[in-house]
Amino acid sequence: MAIERTLSILKPDATRRNLTGKINAKFEEAGLRIVAQKRLHLSEAQAGAFYAEHKARPFYKDLVSFMTSGPVVAQVLEGEGAIARNREIMGASNPASAAAGTIRKEFAESIEANCGHGSDGTEAAAREVSFFFAGTEIVG
Ligand code: ADP
Ligand code: MG
């Protein structure tokens, strides 16, 4: 499998509960490398644009409001099959259905406040990485 890069976001529920180190440990233990990372407070415009694909969904407005409710940590994770691997480590969107040992099973509060975002494919990963990071900010 190829070495890939994917965009990860530690959401406001994770920063609020001081869980960024515990979550990063899960990525690193699973062999992913954090090759870029920054903490920022998203504006409504940024969160709305990032989640534009969900604009028609009933949870969109709440999601934008949640994602701007506190700081987030945006990261680029690198490794073998990093895109799918990150989503495996995070677990299902709804913590009630997430597998044991996953980030969302261990830490998520709800289907909305579910600790993390992970790109869902190669096209999304490229677009989402460049949404947050310049090439010079990614150091593998
Ligand atoms: P994932 O983050 O697992 O890729 P989606 O892309 O389907 O999940 O949804 C994006 C985010 O929107 C989720 O991570 C979660 O924060 C929120 N979300 C998804 N489904 C719901 C829902 N039914 N109710 C409230 N929030 C939701
Ligand atoms: Mg998604």
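**Figure 1. Contacts between ligand 1 and polar side chains.** A polar side-chain atom of S93 lies 2.6 Å from an oxygen atom of ligand 1. The model shown in this and the following views is predicted. The side chain of K11 also takes part, with an N or O atom 2.8 Å from an oxygen atom of ligand 1. For R104, the distance between a side-chain N or O atom and an oxygen atom of the ligand is 3.1 Å.

**Figure 2. The residues around ligand 1.** Which residues are around ligand 1? They are K11, Y51, H54, F59, L63, R87, S93, R104, I111, E112 and N114.

**Figure 3. The largest pocket of the predicted model.** This pocket has a volume of about 420 Å³. Its lining is made up of 20 residues, and those closest to the centre of the pocket are K11, Y51, H54, F59 and S93. Two elements, α5 (82–90) and β4 (116–118), each give two or more residues to the lining. The largest share comes from β4, which supplies 3 residues. What kinds of residue form the lining? By type, the lining holds 8 charged, 7 polar and 5 nonpolar residues. K11, Y51, H54, F59 and S93 are also listed among the residues around ligand 1.

Figure 4. E106 belongs to helix α6 (residues 103–107) and K26 to helix α2 (residues 20–29), so the bridge links distant parts of the chain, 80 residues apart. Is K26 buried or exposed? K26 is buried, because its relative accessible area of 18% is under the 20% limit. E106 has a relative accessible area of 44% and is therefore classed as partly exposed.

Figure 5. K38 is in strand β2 (residues 33–40), while E137 is in the segment after α7 (122–132). The two residues are 99 residues apart, and the pair links distant parts of the chain. K38 is partly exposed, with a relative accessible area of 26%. E137 is also partly exposed, at 38%.

Figure 6. R127 forms a salt bridge with E123, with 3.3 Å between the closest N and O atoms. How many residues apart are R127 and E123 in helix α7? They are 4 residues apart, which means that about one helical turn separates them. R127 has a relative accessibility of 40% and counts as partly exposed. E123 is exposed, because its relative accessible area of 54% is over the 50% limit. Elsewhere in the model, salt bridges that share partners join D13, R16, R17 and E109 into one network.

**Figure 7. The surroundings of D13.** D13 is a residue of helix α1 (residues 12–16). Its relative accessible area is 0%, so D13 is buried. A polar atom of the D13 side chain lies 3.1 Å from the backbone nitrogen of C115. D13 is also part of the salt-bridge network that includes R16, R17 and E109.

Figure 8. T122 is found in helix α7. With a relative accessibility of 58%, T122 counts as exposed. T122 is 78 residues from E44 in sequence, and the C-alpha atoms of the two are 26 Å apart in space. Q37 lies in strand β2. Q37 is partly exposed, with a relative accessible area of 43%. How far apart are Q37 and A25 in space, and how many residues apart in sequence? Their C-alpha atoms are 14 Å apart, and the sequence separation is 12 residues.

Technical notes: Residues are numbered from 1 along each chain as its sequence is written. Chains are lettered from A and ligands numbered from 1 in the order in which they are written. This is a predicted model: local features need pLDDT of at least 70, side-chain atom pairs count only at pLDDT 80 or more; totals for chains, interfaces and linings use all residues. Side-chain values use heavy atoms; hydrogens and water are left out. On a 1 Å grid over the protein atoms alone, a cavity is a set of points where a 1.4 Å probe fits but cannot get out, and a pocket is an open set with protein on both sides within 12 Å along at least five of seven lines; lining residues have an atom within 4 Å of a point. Grid points are joined across faces, edges and corners, and a volume is the space filled by probe spheres set on the points. Ala, Val, Leu, Ile, Met, Phe, Trp, Tyr, Cys and Pro count as nonpolar, Asp, Glu, Lys and Arg as charged, and the others, Gly among them, as polar. Buried means under 20% relative accessible area, exposed over 50%, partly exposed in between (1.4 Å probe, protein chains only). A salt bridge is a side-chain nitrogen of Lys or Arg within 4 Å of a carboxyl oxygen of Asp or Glu. A residue is near a molecule or strand if one of its heavy atoms lies within 4 Å of it. A polar contact is a pair of N or O atoms within 3.5 Å; within protein, one must be able to donate a hydrogen and the other to accept it, and residues adjacent in sequence count only if both atoms are side-chain atoms.
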